[in-house]
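This briefing is for a reader new to the structure. Please look over the sequence and the model, then go through the points below by topic.

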Amino acid sequence: MTTSPDWLALDQTHVWHPYTQHGLAAPVRPIVSASGAYLHDANGQRYLDAISSWWVTLHGHAHPVIAEAVAEQARTLEQVIFAGFTHEPASRLAAELVARLPNGLSRIFYSDNGSTAVEVALKMVLQLWWNRGEPRRLIVALDNAYHGDTFGAMSASGTGLFTSPFANHLFEIVRLPDPTEGDTAGALERLLEERGRDVAGVIVEPLLMGASGMRIWPVDTLRAIRAATREHGIPLIADEVLTGFGRTGPLFASSEVEPDLICLSKGLTGGFLPLGITAVREEIFDVFRSSDRHKTFFHGHSFTANPISCAAARASLALLDDECDDRRAMIETAHRTGLARIASAPGVSRPRLLGTAAAFDLAGGGNYLDPIGARLASFAFDAGVFLRPLGNVVYLLPPYCVTPAELEHAYETIAQFLATAG
């Protein structure tokens, strides 16, 4: 990097970055603009955003349709408290989401991000039973799951590096075996037979567990989990913060099983602005609708249903059309070709693909701190490709505007690294 903007020194003096060990990390890279599938730095260099900037950039950076919707809404109504008020962007977005969500989800509760969408869902299923006069305290989750960094979301996540400093402050979770490693459905059946009346809800990342290593798991297991929860009358929460809006192929990974609650964020606004939603069935909403104020769902955020965020989400949702379906299919085909190219390279194992998400493992310690991921990320960045491996797990999850040639360049870069690393 030959030049640095003058504000970079301010960052180094005053900013604390997420997931960053500032005692070891390389200097942060200043990005001054973005367009389509590319990030642009202060020197005019561009980098293919092969991970959609933490999985949020759905259609591409600075998409003009979403940008115009944001600008127009900002000139009209930028914010209003959502308790006791409403506005058109939130009302129309709710209806447009319901029309596309898995069958039966009819009510939209707005929040700020993926973690808070999960917090809302967990609180809803716990209070659901309290409102019914049958308090239940157990949440059931999957081993190796990741649901966010707030305390409820951490509790439902797998134990490990991210949660260990807070272990004594997290509430009790019953964890089922990771569906990629054990008999999840059988364990759930046995649990419900023994302690079914203690279970308030079950939460899963349907078909793709992201932060724990892009673990792809069988749809038959998801169907069995849904059958068991339905049989026992226990709400199933689908955490689709990552998988929603076509990332796994269909618009929602849980559409076939029709969950009772769904959590969405990340791609919801096309990556433009923070927004989260928790959608629920009408029968859940009805348990909270009462003449008794004690049964109110006392939860909210200052920026709940922010009008500008809702306008961005409406514009993004409208772009999920037939043309977008074709582009997602193209991405899957390009991934298949790229994975086939590197599958036999030394150190590569478990190449896997689900929709627009491709991943493989590199030889190493097999954890988030494995240095091989950082080595690949640095090599790829020098070649104009932005990757952020999960330790030794390498994945590509590009925005839908990416071209086959751009993905070919990403895989070529990875192949070159593997040749030098081997």
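Strand E5 (residues 138–142) pairs with E7 in the parallel sense, over three bridges. The model is a predicted one.

- Strand E7 spans residues 199–204 and is mostly covered, with six of its six residues buried.

**Helix H3**

- Helix H3 covers residues 64–74, and its buried residues are Ile-66, Ala-69, Val-70 and Gln-73.
- These residues lie on the same side of H3, because they cover an arc of only 100° around the axis.
- An α-helix has 3.6 residues a turn, so residues three or four places apart point the same way.
- The cover over the buried residues of H3 includes helix H4 (88–100) and helix H10 (307–318).

**The largest pocket**

- The volume of the largest pocket is about 1,800 Å³.
- Its lining is made up of 42 residues, and those nearest the centre are Pro-18, Tyr-19, Thr-20, Ala-25 and Arg-388.
- Two or more lining residues each come from helix H1 (8–14), helix H2 (52–55), helix H6 (151–156) and helix H12 (371–382).
- H12 provides the largest share of this lining, six residues.
- By class, the lining of the largest pocket holds 30 nonpolar, seven polar and five charged residues.

**The second largest pocket**

- The second largest pocket has a volume of about 790 Å³.
- It is lined by 30 residues, and Ile-108, Phe-109, Phe-285, Phe-297 and His-299 lie nearest its centre.
- The elements that give two or more residues to this lining are H4, strand E4 (105–111), strand E12 (276–281) and helix H9 (282–288).
- E4 gives the most to the lining of the second largest pocket, with five residues.
- This lining divides into 14 nonpolar, 11 polar and five charged residues.

**A link between topics**

Notes
Residues are numbered from 1 along each chain as its sequence is written. This is a predicted model: local features need pLDDT of at least 70, side-chain atom pairs count only at pLDDT 80 or more; totals for chains, interfaces and linings use all residues. Side-chain values use heavy atoms; hydrogens and water are left out. Buried means under 20% relative accessible area, exposed over 50%, partly exposed in between (1.4 Å probe, protein chains only). Helices (H or I, at least four residues) and strands (E, at least two) are DSSP runs, numbered from the N terminus. Two strands pair if DSSP finds at least two bridges between them. The arc is that of the directions from the helix axis to the C-beta atoms. Contact means heavy atoms within 4.5 Å. On a 1 Å grid over the protein atoms alone, a cavity is a set of points where a 1.4 Å probe fits but cannot get out, and a pocket is an open set with protein on both sides within 12 Å along at least five of seven lines; lining residues have an atom within 4 Å of a point. Grid points are joined across faces, edges and corners, and a volume is the space filled by probe spheres set on the points. Ala, Val, Leu, Ile, Met, Phe, Trp, Tyr, Cys and Pro count as nonpolar, Asp, Glu, Lys and Arg as charged, and the others, Gly among them, as polar.
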